[in-house]
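This report goes through selected features of one protein structure, taken topic by topic. The structure is shown first.

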Amino acid sequence: MPSLEQVKRSLESAGQAHVLQFWPELSEEQRDAFLRELAQLDLKGLKEHCEGAAKAAASPPDSLDQHIEPIPPECIGSVRKSGRDSLAEWENRGLVEISEDRVGVLLLAGGQGTRLGVQYPKGMYNVGLPSGKTLYQIQAERIRKLQELADSKHGSKCTVPWYIMTSEFTLVPTEKFFEENNYFGLEASNIIMFEQRMIPAVTFDGKVILENKGKLAMAPDGNGGLYQALVDNKVLEDMKKRGVEYLHVYCVDNILVKMADPVFIGFCVSKGADCGAKVVEKAYPAEPVGVVCRVQGVSQVVEYSEIQPQTAELRGPGGELVYSAGNICNHFFTRSFLQDVAEKYKHQLKQHVAIKKVPFVDAEGIQIKPTKSNGIKMEKFVFDVFPFSRDFVVFEVEREEEFSPLKNADGSATDSPTTARNALLAQHCRWATAAGATLLDKHGNPLPLTRSEIPPAQCEISPLVSYVGEGLEQLLRGRTIATPFVLDEKRAEELQAQ
């Protein structure tokens, strides 16, 4: 560990000498902890980081309108527009790759549930389903079911390893939660948790913010910190050792995520892609989601703030939005592409500015909780590697089947526990009805099936019973079912025996 003198010199040359202003007031224990934290910082890159943050925050984002164009049709697959044969072919190809242990999933779970109003990792959140399952449990059970589907189809005994990228805030509670829940029936050795780096928040004039007298205000470096974390934690070596060639990367908060979706994996592998993105059609021109498109011929995600309203509103001959490919943080990568990024490109990733309210200590050492934004957190995004891809593809899926993120506390109009719960229950009502069941309301009246986001009834189907609605006909065809109804493994066995 560097000495106090060395750290002092590095901070001075970075223009950040103020960081040690309260050093004389710290106890021995606090000094040790603070020195350890400072030693882990990239002190050489600190000056660049602080200056870059201040400069980036001061300059408005460029408008990219004159340079953008949609992704060419030959690079796009679609659940809605592709024939049944193509979809079946891709699914089969995906299941073959899974059955041969060549597919892993990687979860981006570094963020805290602050917007949700909770003090624990988002994956531990229970959205109020009849079963009381958390996001982590739902995702674990989808992996278990997918392994079972690949095994029964190909006579294998396969494993889909689950890599979970956490941050300083989420690692310990996540490890503890998995342990307490017996890894939700998965093998502990196939769940690999690792931490992303933290970087300091800075003021608008480029000074590192002190959270308290002996601690910097640190934040995870965005989900694009993944590429550095893969190197720091030797994750790519682990994938290689396990024979994992393809990776499905996704965000923790999407309750409808299809883990290692064989159709998506099969599509990407069939196309020879090194990198792929799932997208949903934008709901309306100004919807605040990034758009997957090309800029000067290079595939990338353009943030909604970087496109003028008139460009966002452009429509094609059929009335469809020209820039409709909404990014949902759901990606495919080959391991060799990730290796390339780690070795050649990770330092070229674009930095994004997030303006935040960052608690700090003032010159008198008094802790302040700011009421307006006072700091800059620099983030990298996982999709910033798209421009480095040689064979990039896009796969369009249906929003109501695959995308309902959990971001805000209840009471918000969108992306809340209620909207996430409703999306899942509505999907399960559709599955049950498609399998030939008639659902009854609490008065015993048959329920009409609608494509609405509001579920007609409380009907929940465990991922351990069905991954995407398959296998339900033999259990539910011709049955009249009173709701609320939870179809778990035990209930499935009872129905099978009847």
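Is phenylalanine 333 buried or exposed? The model is a predicted one. Phenylalanine 333 is buried, because its relative accessibility is 0% and the cut-off for buried is under 20%.

## Aromatic pairs and a cluster

The structure holds 17 aromatic pairs. One of them joins phenylalanine 333 to phenylalanine 337, with 6.0 Å from centre to centre and 20° between the planes. This pair is stacked, because planes under 30 degrees apart count as such.

A separate item is an aromatic cluster made up of Trp90, Tyr246, Phe264, Phe267, Phe332 and Phe395. Among these, Phe264 and Phe267 are buried residues of helix 9.

## Helix 9

Helix 9 spans residues 262–270 and is mostly covered, with eight of its nine residues buried. The buried residues are Pro262, Val263, Phe264, Ile265, Gly266, Phe267, Cys268 and Val269.

Both ends of the helix have a local feature to note. At its start, aspartate 261 places a side-chain oxygen within 3.0 Å of the backbone nitrogen of valine 263; Val263 is itself one of the buried residues. Just after helix 9 comes glycine 272, whose phi is positive, at about 70°.

## Helix 3 and alanine 58

Helix 3 covers residues 43–58, and alanine 58 lies in it. Is alanine 58 buried or exposed? Alanine 58 has a relative accessible area of 66%, and because exposed means over 50%, alanine 58 counts as exposed.

Between alanine 58 and leucine 226 there are 168 residues in sequence, and their C-alpha atoms are 27 Å apart in space.

## The second largest pocket

Which element gives the most residues to the lining of the second largest pocket? Helix 3 does, with seven residues. The volume of this pocket is about 1,100 Å³. It is lined by 37 residues, and those closest to its centre are Asp42, Arg197, Met198, Ile199 and Asp221. Two or more lining residues come from each of helix 2 (28–40), helix 3, strand 6 (198–200), helix 7 (226–232) and strand 18 (375–379).

By residue class, the lining of the second largest pocket comprises 13 nonpolar, 11 polar and 13 charged residues. Domain 1 (4–43) and domain 2 (65–401) each contribute at least three residues to this lining.

## The cavity

How many cavities of 30 Å³ or more does a search of the whole structure find? The search finds one. The largest cavity holds about 40 Å³ of space. Its lining consists of Lys133, Ile138, Arg142, Leu424, His428, Glu460, Ile461 and Pro463. These lining residues fall into four nonpolar, one polar and three charged.

Helix 5 (135–154), helix 13 (417–434) and strand 21 (459–461) each give at least two residues to the lining of the largest cavity. In terms of domains, domain 2 (65–401) and domain 3 (430–497) each supply at least three of the lining residues. Domain 2 also supplies at least three residues to the lining of the second largest pocket, as does domain 1.

Key:
Residues numbered from 1 in each chain as written. Predicted model: local features only at pLDDT ≥ 70, side-chain atom pairs only at ≥ 80, totals over all residues. Heavy atoms only, no water. Buried < 20%, exposed > 50% of the residue type's maximum accessible area, 1.4 Å probe, protein only. Helix = DSSP H or I, 4+ residues; strand = E, 2+ residues; numbered from the N terminus. Polar contact = N/O pair within 3.5 Å; in protein donor to acceptor, adjacent residues only side chain to side chain. 1 Å grid on protein atoms, 1.4 Å probe; cavity = no way out; pocket = protein on both sides within 12 Å on 5 of 7 lines; lining within 4 Å. Points joined across faces, edges and corners; volume = space filled by probe spheres on them. Nonpolar A, V, L, I, M, F, W, Y, C, P; charged D, E, K, R; others polar. Domains from an automatic or database assignment. Phe/Tyr/Trp six-rings, centres within 6.5 Å; stacked < 30°, edge-to-face > 60°.
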